[in-house]
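Thanks for coming. Please have the sequence and the model open.

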Amino acid sequence: LIGRLMFELPEEMGLIAIAVRQTQGKGRGGNVWLSPVGCALSTLHITIPLHSNLGQRIPFIQHLVSLAVVESVRSIPGYEDIDLRVKWPNDIYYSDLMKLGGVLVNSTLIETTFHILIGFGFNVNNSNPTICINDLITKFNKEEGTKLKPLTADCLIPRTVTVLERLIDIFQEKGPNGILPHYYKYWVHSGKQVHLYNEEGPMAWIVGIDDYGYLQVYEEGKGVESVHPDGNSFDMLRNLIVPK
């Protein structure tokens, strides 16, 4: 629906589609993403000028959206310590244990403007198939003796879009360095080890992401290199390869 409408509307007009239930959701690499009632599900259309900080680093959009989802919860007073995190490049996680959401970005360049379709979905009030944000809030209340209220998709979708708008403005003004310290605060990878090339490949330590959104790893004797997924593994961090 949005794909058909996005070129027909004035550029300054925002456009979002929100679903209550999704039966034909798409994940990375053609994977199916099933979304029962209780998820926050939407597709957002934005435009980004090609000759801008973000236009020159379009892969960063998925990181900004993932961060916006986490921030939509953790910027609410009292909810700052709910253990919702980002996993590079486009997943929302409970700690580093369990996925509860994801982001999928498609871009089309028309003359000097990127038309971006951002699909994001995350579990708010559905414990299955994995875990949801309200489960984390219940767990936090039990452990900390607090009485935080459950959240709703109706609350978190607009909060996510509002936070994303702010993050895009910061990125356009300051570039990656305006965002990365905040991103690292919520990501799950600091000091983690991965194999390069294949499961028997050399070990490397994750150190951050570069100016174009690729993962940076440190391999002994070789220093810091940027890597990307092999494109086949189910786990994005299972096999990483060094671009030539």
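I start with what helix 4 touches. Its buried residues pack against strand 1 (15-19), strand 4 (39-49), helix 2 (60-74), strand 8 (113-123) and helix 3 (133-144). Keep in mind that this is a predicted model.

Now the overall picture. The protein has 244 residues, and 47% of them count as buried. There are 5 helices and 13 strands. Take the contacts between residues at least 6 apart in sequence: 55% of these join residues at least 24 apart.

Back to helix 4, which runs over residues 153-174.

Which residues of helix 4 are buried? They are Ala153, Leu156, Ile157, Thr160, Val163, Leu164, Leu167, Ile168 and Phe171. These residues cover an arc of only 150 degrees around the axis, so they sit on the same side of helix 4. Just after the helix comes Gly175, with a positive phi of about 75 degrees.

Helix 4 also turns up in a pocket. The second largest pocket holds about 320 Å³ of space. Its lining is made by 15 residues, and those nearest its centre are His45, Ile46, Thr47, Glu165 and Ile168. Strand 4 and helix 4 are the elements that give two or more residues to that lining.

Last, the cysteines. How many disulfides does the structure hold? The count is 0. Cys132 is in no disulfide, and the nearest cysteine sulfur, that of Cys39, is 8.9 Å away; a disulfide would need the two sulfur atoms within 2.5 Å. Is Cys132 buried or exposed? Cys132 is buried, with a relative accessible area of 2%. Cys155, by contrast, is partly exposed, at a relative accessible area of 28%.

That is what I have; questions are welcome.

Technical notes. Residues are numbered from 1 along each chain as its sequence is written. This is a predicted model: local features need pLDDT of at least 70, side-chain atom pairs count only at pLDDT 80 or more; totals for chains, interfaces and linings use all residues. Side-chain values use heavy atoms; hydrogens and water are left out. Helices (H or I, at least four residues) and strands (E, at least two) are DSSP runs, numbered from the N terminus. The expected span of a helix is 1.5 Å times one less than its number of residues. Buried means under 20% relative accessible area, exposed over 50%, partly exposed in between (1.4 Å probe, protein chains only). The arc is that of the directions from the helix axis to the C-beta atoms. Contact means heavy atoms within 4.5 Å. On a 1 Å grid over the protein atoms alone, a cavity is a set of points where a 1.4 Å probe fits but cannot get out, and a pocket is an open set with protein on both sides within 12 Å along at least five of seven lines; lining residues have an atom within 4 Å of a point. Grid points are joined across faces, edges and corners, and a volume is the space filled by probe spheres set on the points.
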